[in-house]
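Biologist: I would like to learn how to read a few features of a structure, one after another. Could you take me through them slowly, giving the general idea before each case?

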Amino acid sequence: FFMLLFSITATAQTDSLTEQINEQVWKPFINTFNNMYTEGFMALHSKKLVRIPEDSRHIYNYDEYAQNIRTGNENGKKGKIRQSIELRFVNRFIQDEQAFETGYFKTTVIAADGLKRNSYGKFHVLLQKERDVWKIIMDTDAGDNVDEATFQKGKSLE
């Protein structure tokens with residue numbers, strides 16, 4: 001009985017923390033990415049951020065990543081480009097004030113002439129609570145031959 005009660009309590013706590021992460025990180029992440037809002041997007045990241053886009057084989061700190069995002073968003077707005085991102089999760093582990101999440105992403109870019117292009121990849125993210133707010137502290141992604149079928153295997157954001 002006590003094992004069952006402990007299991008139910010642990011699951012409820014994990015579900016609550018998952019919802020907290022969704023509200024504090026992933027929903028604003030999607031919104032700020034889609035709207036090319038650099039300041040809001042970067043506010044979701046820790047100043048201790050380590051960003052590793054594996055395909056480019058480079059490691060960025062917070063300031064370098066912020067500059068890349070700012071430049072990309074400015075160029076996108078000037079070029080009248082629209083973008084969106086969708087996330088699908090494979091693993092979501094939460095322990096105390098840290099979380100490790102993996103999954104797939106799908107980005108859609110629509111050029112000014114209406115040409116639409118989808119890109120896919122796999123991500124690994126480490127989150128940490130800073131002053132009671134979840135922040136992205138490590139973010140890595142790669143193409144890894146992800147396609148629509150692979151993307152659909154992940155669990156959507158709830």
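Modeller: Let us begin with what counts as a helix: helices are DSSP runs of H or I with at least four residues, numbered from the N terminus. Please keep in mind throughout that this is a predicted model.

Biologist: With that in hand, how far apart along the helix are Glu23 and Lys27?

Modeller: The general idea is that an α-helix has 3.6 residues a turn, so residues three or four places apart point the same way. Here, Glu23 and Lys27 are 4 residues apart in helix α1, which spans residues 2-34, so about one helical turn separates them. Their side chains meet in a salt bridge, at 2.5 Å from N to O.

Biologist: Which other residue forms a salt bridge with Lys27?

Modeller: That partner is Glu19, with the closest N and O atoms 3.9 Å apart, which still counts because the cut-off for a salt bridge is 4 Å. As for accessibility, Glu19 is partly exposed at 32%, Lys27 is partly exposed at 35%, and Glu23 is partly exposed with a relative accessible area of 40%.

Biologist: How many salt bridges does the structure hold, and which parts does the pair Arg51 and Asp141 tie together?

Modeller: There are 6 salt bridges in the structure, and one of them joins Arg51 to Asp141, with the closest N and O atoms 2.8 Å apart. Because Arg51 belongs to strand β1 and Asp141 to strand β6, this pair ties together parts that are 90 residues apart in sequence. Both Arg51 and Asp141 are buried.

Biologist: Now to another helix: which residues of α3 are buried, and where do they lie around the helix?

Modeller: Helix α3 runs over residues 62-78 and reaches 24 Å from its first C-alpha to its last, close to the 24 Å expected at 1.5 Å a residue. Its buried residues are Tyr62, Tyr65, Ala66, Ile69, Asn73 and Gly76. Viewed down the axis of α3, these buried residues fall within an arc of 100°, so they line one face of the helix. The face turned away from that buried side carries the exposed residues Asp63 and Lys78.

Biologist: What do the buried residues of α3 pack against, and what is found at the start of α3?

Modeller: The buried residues of α3 pack against α2, β1, β2, β3 and β6. At the start of α3, a side-chain oxygen of Asn61 comes to within 3.0 Å of the backbone nitrogen of Asp63, while just after α3, Lys80 takes a positive phi of about 55°.

Biologist: Which residues other than glycine have a positive phi, besides that one?

Modeller: Among them are Arg131, with phi near 55°, and Asn145, with phi of about 55°. Arg131 is in the loop between β5 and β6 and is exposed, with a relative accessible area of 84%. Asn145 is in the loop between β6 and α4, and it is exposed at 78%.

Biologist: Finally, what does Lys122 touch, leaving aside residues up to four places away in sequence?

Modeller: Lys122 lies in strand β5 and is partly exposed, with a relative accessible area of 26%. With those sequence neighbours set aside, Lys122 touches several residues, including Tyr104, Phe105, Thr140, Asp141 and Val146. Lys122 and Pro53 are 69 residues apart in sequence, yet 10 Å apart in space from C-alpha to C-alpha.

Methods. Residues are numbered from 1 along each chain as its sequence is written. This is a predicted model: local features need pLDDT of at least 70, side-chain atom pairs count only at pLDDT 80 or more; totals for chains, interfaces and linings use all residues. Side-chain values use heavy atoms; hydrogens and water are left out. Helices (H or I, at least four residues) and strands (E, at least two) are DSSP runs, numbered from the N terminus. The expected span of a helix is 1.5 Å times one less than its number of residues. Buried means under 20% relative accessible area, exposed over 50%, partly exposed in between (1.4 Å probe, protein chains only). The arc is that of the directions from the helix axis to the C-beta atoms. Contact means heavy atoms within 4.5 Å. A polar contact is a pair of N or O atoms within 3.5 Å; within protein, one must be able to donate a hydrogen and the other to accept it, and residues adjacent in sequence count only if both atoms are side-chain atoms.
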